[in-house]
Amino acid sequence: MKISVFITIIFLCGYSLYSQCGCMGGAAVGGLTPLGGSANLGVLKENNLRTSVFFMNGYGNKYYSGDIITEPGLVKEYKFNYIGFNTGYGLTEDLTLELESGYFLQKMQDYYYYKLESSGFSHLNTSVKYNLYNSRVKELEYTAGIGARVPVNFSEANVPQNILPSTGAYGILFHSFLHKGFKNEGLHLFLINRAEINAINKHDYLYGYSIFSSFYISKSIFNNLVGILELRNEYRGKDRYNGSIIEDSGGLVFVASPQLSYKIDNFYISCNYDYPFYKYYNGKQLTNSYSFGIMLTWQINLDS
């Protein structure tokens, strides 16, 4: 149970902001829609319930073409403030169900002389995860899962698609989770992968497929405090609008994310700072400069 809660913390807090821009005006932002990150974790024990809430903030003001900083564009800068929610339940020892959603407190782009912004719910994710292999002796676990994303947007603000809180696109999610522990050394290694395939939204915009891979190293610092280093790769294909390829979309990013996690009774508090140390963007895109987050997780065994 401790490992499952710990992975929930580092994954939800570590996966910051993926997916690219929408269409119909605004800047092509390489990273503006939080993923939440509930689907790639190890399973919960039977009849265990876990609830998490996390806050994320991000900012960007640099344009990239390829891997080179280029001249400013139509938008001076953007920023967001986002709250995510996650609930997981262990239906059996090998099968876990999860539900995740998110709400933008603010999603803003500054056009030098005026600003456009929106707020509202982003999406609703449902996931099923199944443990395919688990050896306590070898401290090795592999879990795979599948999920679905439903866009949630209760209001249509008069702003471009890429500033709306929801992408407006349904999607299918595939995820995998691999853990190798070294209990005597207080060391754990994780490889977490996620892929997304999107449908066309009502504006005839199709978001490119996405693949995210994270490698984590965690080490106990002292009782109840764990230090984590995440190295993440984010790949996104090009988008399409009305059947035509959007050249200013998609790319490849590598992110370093140092994190801390602290346990207090049944509560876990964690924080992270995401720094993209390598960016390659197709065309010209406004990019994410940094993001940081803090999360609170509570877990309980309902049998007790």
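**A tour of the strands, cores and one buried glutamate**

Start with an open sheet of three strands, in the order β13-β16-β17, with antiparallel pairing. Strands here are DSSP runs (E, at least two residues), numbered from the N terminus. Two strands pair if DSSP finds at least two bridges between them. This is a predicted model, where local features need pLDDT of at least 70, side-chain atom pairs count only at pLDDT 80 or more, and totals for chains, interfaces and linings use all residues. Residues are numbered from 1 along each chain as its sequence is written, and side-chain values use heavy atoms, leaving out hydrogens and water.

**Stop 1**

Select 205–206 for β13 and 244–246 for β17. These strands stand at the edges with a single partner strand each, so one side of each has no neighbour in the sheet. Which residue of β16 is the bridge partner of Y205? Look for Y241.

**Stop 2**

Select β20, residues 290–301. β4 runs antiparallel to β20, and 12 bridges join them. Find Y59; its bridge partner in β20 is Y290. Next, select β19, residues 267–287. β19 and β20 pair in the antiparallel sense over eight bridges. β19 and β20 form a hairpin, with two residues between them.

**Stop 3: the nonpolar cores**

Show the side chains of F54, V75, F80, Y82 and L286. These have the most contacts inside the largest nonpolar core, which has 14 residues. Such a core is a set of buried Ala, Val, Leu, Ile, Met, Phe, Trp, Tyr and Cys residues joined through side-chain atoms within 4.5 Å. Buried means under 20% relative accessible area (1.4 Å probe, protein chains only). β4 (48–60) and β7 (77–90) each supply at least two residues of this core. The largest share, three residues, comes from β7. Apart from this core lies another, of six residues, among them F190, I192, Y216 and I228.

**Stop 4: E141**

Select E141 in β10, residues 140–151. E141 is buried yet has no salt bridge (a side-chain nitrogen of Lys or Arg within 4 Å of a carboxyl oxygen of Asp or Glu). How far away is the nearest side chain of opposite charge? That side chain, K129, is 8.1 Å away. Lys and Arg count as positive and Asp and Glu as negative; His and the chain ends are not counted.

Technical notes. Helix = DSSP H or I, 4+ residues; strand = E, 2+ residues; numbered from the N terminus. Buried < 20%, exposed > 50% of the residue type's maximum accessible area, 1.4 Å probe, protein only.
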